[in-house]
Amino acid sequence: MAFMFLREMVRTYRERDPAARSSLEVLLCYPGLHAVMWHRMSHFLWRKGFRLAARFSSHIARWVTGIEIHPAAKLGRRLVIDHGMGVVIGETAEVGDDCYFYHQITLGVARTSAGKRHPTVGNNVIIGAGAKVLGPITVGDNARIGSNAVVVDPVPADTTVVGIPARPVDRKLPRAAESFDPYGMPCDDSLDPLLHDLEGLRAELTELEARVARLTSAGQHQATRSAAD
Ligand SMILES: CC(C)(COP(=O)(O)OP(=O)(O)OC[C@H]1O[C@@H](n2cnc3c(N)ncnc32)[C@H](O)[C@@H]1OP(=O)(O)O)[C@@H](O)C(=O)NCCC(=O)NCCS
């Protein structure tokens, strides 16, 4: 079972992180992978009632990886924590499947209270570096949280939020479920403003060339007629 999870995780890192060149590299050099695998053990201990052992186990993982995940936190499948250092995931946080987190993100508490006090993150959510998601709020499926955002309100599905406090950006990007953009940025040339400008310049140039050709041919025609007269 653990081996199956490990294989799935290694495959996910290789598919989603352009920097991952081999499975061995992922196994050896990705603290996010180590932290999530370790969390499975700590979470198991927590659920079996070995609370102190679970806390101590996750504390060792924090020493080793720089990633702090409370053993009671519920993590979905194929979670990637890229770079990882400084990540904090609190006790009542819940994370769906196929999420992608960068370093220094916090799924934390907005105000100290008992019970559910950390966020619930849906499936396929990207959380940019340094973002803080605070309180028992819900982040919908396919949402994207910009780097350094501070999120204190619920985020609807398929929405990108940025800033402090985080607000939705104007447009919703249609995203195919099978495509993944590792930096939250679409790798679609049609959305590149520079390419768009270049296309415009090229069209203008073609039109100018056509006009020059027309003028030249009209000039030649005129000259031939004058010579004939
Ligand atoms: C938020 C993010 C996903 C936006 O991607 P997007 O949907 O393609 O949005 P755009 O880049 O078109 O930006 C939309 C608007 O939000 C602004 N914006 C984008 N990211 C922002 C951020 N982190 N903070 C504040 N504003 C941001 C843009 O300037 C733009 O503003 P405008 O409409 O006034 O021009 C992306 O910018 C991001 O932060 N990704 C995380 C990357 C990361 O953490 N990398 C770490 C690698 S080590």
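What radius of gyration does the protein chain have, and what would a compact globule of 229 residues have? The protein chain has 26 Å, whereas such a globule would have a value near 17 Å. The radius of gyration is taken over C-alpha atoms, and the globule rule is 2.2 Å times the number of residues to the power 0.38.

The structure is a predicted model, in which local features need pLDDT of at least 70, side-chain atom pairs count only at pLDDT 80 or more, and totals for chains, interfaces and linings use all residues. Residues are numbered from 1 along each chain as its sequence is written, and side-chain values use heavy atoms, with hydrogens and water left out.

**Figure 1. Overall view of the protein chain.** The C-alpha atoms fill a box of roughly 110 × 40 × 25 Å, taken along the principal axes. Five helices and 15 strands make up the secondary structure listed for the protein chain; helices (H or I, at least four residues) and strands (E, at least two) are DSSP runs, numbered from the N terminus. Of the 229 residues, 38% count as buried, where buried means under 20% relative accessible area, exposed over 50%, and partly exposed in between (1.4 Å probe, protein chains only). Among contacts (heavy atoms within 4.5 Å) with a separation of 6 or more, 35% are between residues 24 or more positions apart.

**Figure 2. The largest nonpolar core.** A nonpolar core is a set of buried Ala, Val, Leu, Ile, Met, Phe, Trp, Tyr and Cys residues joined through side-chain atoms within 4.5 Å. The largest one has 44 residues, of which Ile-89, Phe-101, Leu-107, Ile-127, Ile-145 and Val-151 touch the most other members. Two or more residues of this core come from each of helix H1 (2–16), helix H3 (31–47), strand S3 (80–81), strand S6 (100–101) and strand S9 (126–127). When residues up to four places away in sequence are not counted, Ile-127 touches Tyr-100, Phe-101, Tyr-102, Ile-105, Leu-107, Val-133 and Ile-145. In soluble globular proteins, nonpolar side chains tend to be buried together.

Figure 3. Buried positions in H3 are Gly-32, Leu-33, Ala-35, Val-36, Met-37, His-39, Ser-42, His-43 and Trp-46. These residues pack against H1, helix H2 (23–29), H4, S1, strand S2 (74–75) and S3. Just after H3, Gly-49 takes a positive phi of about 95 degrees.

Figure 4. Helix H4 (residues 51–65) has 15 residues, which should span 21 Å at 1.5 Å a residue; its end C-alpha atoms are 21 Å apart, in agreement. Ala-54, Ser-57, Ser-58, Ala-61 and Thr-65 are buried in H4. Seen down the axis, the buried residues of H4 fall within an arc of 95 degrees, so they line one face of the helix; the arc is that of the directions from the helix axis to the C-beta atoms. An α-helix has 3.6 residues a turn, so residues three or four places apart point the same way. The buried residues of H4 pack against H3 and strand S1 (68–69), while the face turned away from the buried side carries the exposed residues Leu-52 and Trp-63. Just after H4, Gly-66 takes a positive phi of about 80 degrees.

**Figure 5. The salt bridge between Asp-98 and Arg-78**. A salt bridge is a side-chain nitrogen of Lys or Arg within 4 Å of a carboxyl oxygen of Asp or Glu, and a search of the whole structure finds eight. In the pair formed by Asp-98 and Arg-78, the closest N and O atoms are 2.6 Å apart. The pair links distant parts of the chain, 20 residues apart: Asp-98 is in the loop between strand S5 (94–95) and S6, and Arg-78 is in the loop between S2 and S3. Asp-98 is partly exposed, with a relative accessible area of 24%, and Arg-78 is partly exposed at 22%. Glu-8, Arg-77, Arg-78 and Asp-98 are linked in a network of salt bridges.

**Figure 6. The salt bridge between Glu-91 and Arg-117**. The closest N and O atoms of Glu-91 and Arg-117 are 2.9 Å apart. Glu-91 lies in the loop between strand S4 (88–89) and S5, and Arg-117 in the loop between strand S7 (106–108) and strand S8 (120–121), so the pair links distant parts of the chain, 26 residues apart. Glu-91 counts as partly exposed at 27% relative accessibility, whereas Arg-117 counts as buried at 17%.

Methods: Expected span 1.5 Å × (residues − 1).
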